[in-house]
Amino acid sequence: PDNLNQILVAYNDSRGSAATPGNISGASYSTDGGTTFTRITAASGQSPFAGTEGDPVALYHKPTQTWLTVWLDTACGGQGLGGYKTTTPAVAASWTHFCVFNESSADRESGWADNTVGHTHFGRLYISWNDFAVGSGALFVTYSDNVGVTWHAPVLVSTPGLIRDVQITGDSANGNLYLAGMDGGGGGFPHNEHNTQYRP
């Protein structure tokens, strides 16, 4: 963010494992550069991310000073990708829900926000993930140019075998996009793992 004292950390949080709807996602917020953190807690005693199943992504959208989280989300197709966003992260009631992609077999998502002023896609949000309804867990990417209101149709990156989504990122110099993955050789032990990288 523009204020380096502000830090948002998202994580799996088992305190909501018995909640209805389920909620195993959490976040903490710091206003002093990480010296102290406050766990974001709704009136229910849970996090404000109801219906989510962990696997956190936390992003900051510089043009609108909006904080976003993306999780495995039961409200987005059963086990799709969804999230919550706000401009006041410490206020639990301010987080509002959105869906990235509706499906039942999403997993291992990651994200990146292009926050470099002057880039062609300044403010674009990217999400990558494995979709286990396609092949052995096809690797996909999507993006939003309106702070998560709508998302581009998923772009297929790789289908042969399972390439585990590791991290999508970009460089601040020119906004080039990179997606790191890992080929586990079909799983099982022993096996050789190969790191892969994709670029549009």
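Asp2 is partly exposed, because its relative accessibility is 46% (buried means under 20% relative accessible area, exposed over 50%, partly exposed in between; 1.4 Å probe, protein chains only). The model is predicted: local features need pLDDT of at least 70, side-chain atom pairs count only at pLDDT 80 or more, and totals for chains, interfaces and linings use all residues. Residues are numbered from 1 along each chain as its sequence is written, and side-chain values use heavy atoms, with hydrogens and water left out.

Asp2 forms a salt bridge with Lys62, with 2.3 Å between the closest N and O atoms (a salt bridge is a side-chain nitrogen of Lys or Arg within 4 Å of a carboxyl oxygen of Asp or Glu). This pair links distant parts of the chain, 60 residues apart: Asp2 is in the segment before strand S1 (7-12), and Lys62 is in the loop between S4 and S5. Strands (E, at least two residues) are DSSP runs, numbered from the N terminus. Lys62 is partly exposed, at 24% relative accessible area.

The count of salt bridges comes to four. Asp145 pairs with Arg124, the closest N and O atoms being 2.7 Å apart. Arg124 is buried, at 10% relative accessibility. Within it, the closest N and O atoms of Asp13 and Arg15 are 3.1 Å apart. Asp13 is buried, at 4% relative accessible area. Arg15 is partly exposed, at 26%.

The protein has 14 strands and zero helices (helices are H or I runs of at least four residues). S4 and S5 run antiparallel and are joined by five bridges (two strands pair if DSSP finds at least two bridges between them). Val57 has Val70 in S5 as its bridge partner. The two strands form a hairpin with four residues between them, and Gln65 in the turn has a positive phi of about 50°. Four of the five residues of S4 (residues 57-61) are buried, so this strand is largely enclosed by the rest of the structure.

Asp73 is in S5 (residues 66-73). Asp73 is buried yet has no salt bridge; Lys85, the nearest side chain of opposite charge, is 13 Å away (Lys and Arg count as positive, Asp and Glu as negative; His and the chain ends are not counted).
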